Amino acid sequence: ITGTDLMDLDLDLPDLSHQKAMPHILGTLDDKIELNQKMNQTLEEIAKAIFKSWFVDFDPVRAKAEGHPTGLPPEISDLFPDELVDSEIGEIAEGWDVTIVSEFGNVVCGKTPSTKDPDNFGGQFPFITIPDMRDNLISLLTERSVSEKGASALKGKMLPAGSICVSCIATPGLVSITTRDSFTNQQINSIVPLSEDDREYLLFSMMTFGDLISSAGSGGSVFANLSTGRFKELHILQANEQIRTAFSKIIRPMLQRIELSQEEISTLSQLRDTLLP
């Protein structure tokens, strides 16, 4: 095909008004996608800030110890003690405890079904891997999925909705939460909470563990490898049950809004990519 041939090709083009309208429509979709992404980031940062204030910096405890108002509603403020005490992980609120991860739920190490059989994949169950977890607090979409046949080879590995996934190999410390029955590969350890009221508390506790998980990896390698056994034994702050429940009630609507927003982003992206062709 020569340049002259290309010049002589007949093309079916919409009129100029339609040519100008389409980029406007697509641009509007892009703007909405970007807005949703920014909102999700803001909600996540708010949730992180509340967790850090309550359970890392102990701001309400310090305020009460100094005789200052906590700035929290009375029914929540009254749940906090007014003194800090020493523990194996440093200062913690009086009356709180330090326990290990496995005390909060069942720890499951993922597994990959045989890749030699393509029938193990392409089904209804999300198959979460490290790339799926990057910049995704909520595991909504995954590159791969597991079929019923693949699931039958992964006995005891299914994660129900609300499980907390933590990457422990290669890129340690990434954290996300499942939204439906899912599986992960062996690079990820997950916690199935014993109580739904601990779900949000566990999620943000794990998000503060990134550096700790990396340093706990064998040999101090950049490609850290934190075994399931060692992951189970990681120390975790155990705030009293009432405060953990109060935290969940505040944070859960934020996570639900993030999930809805991510679903909308997915729909808008598909619409945008379908409209152009």
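How many bridges join strand E5 to E10, and do these strands run parallel or antiparallel? In this predicted model, strand E5, residues 121-128, is joined to E10 by 2 bridges, and the two run parallel. Within that pairing, Phe127 has Phe183 of E10 as its bridge partner.

Now the rest of that sheet. It is an open sheet of 3 strands, in the order E7-E5-E10, and its pairing is mixed. The edges are taken by strand E7, 144-146, and strand E10, 183-184. Each of these has a single partner strand, so one side of each has no neighbour in the sheet.

Next, the helices. Two packed helices are described by the angle between their axes and the distance between the axes. For helix H2, residues 16-56, and helix H10, residues 241-275, the axes come within 9 Å and cross at roughly 165°. H2 and H10 are therefore roughly antiparallel to each other. Their crossing is left-handed. Sorted by class, the residues in the contact of H2 with H10 are 24 nonpolar, 6 polar and 6 charged.

Last, the cysteines. How many disulfides does a search of the whole structure find? The search gives 0. Take Cys109, which is in no disulfide: the nearest cysteine sulfur belongs to Cys168 and is 8.2 Å away. A disulfide needs the two sulfurs within 2.5 Å, so 8.2 Å is too far for a bond between Cys168 and Cys109.

Technical notes
Residues are numbered from 1 along each chain as its sequence is written. This is a predicted model: local features need pLDDT of at least 70, side-chain atom pairs count only at pLDDT 80 or more; totals for chains, interfaces and linings use all residues. Side-chain values use heavy atoms; hydrogens and water are left out. Axes are lines fitted to C-alpha atoms, for helices over the stretch in contact, and angles run from 0 to 180 degrees between N-to-C directions. Helices (H or I, at least four residues) and strands (E, at least two) are DSSP runs, numbered from the N terminus. Angles under 35 degrees count as roughly parallel, over 145 as roughly antiparallel, 65 to 115 as roughly perpendicular and the rest as oblique. A crossing is left-handed if the near helix is turned anticlockwise from the far one by less than a right angle, and right-handed if clockwise. Ala, Val, Leu, Ile, Met, Phe, Trp, Tyr, Cys and Pro count as nonpolar, Asp, Glu, Lys and Arg as charged, and the others, Gly among them, as polar. Two strands pair if DSSP finds at least two bridges between them.
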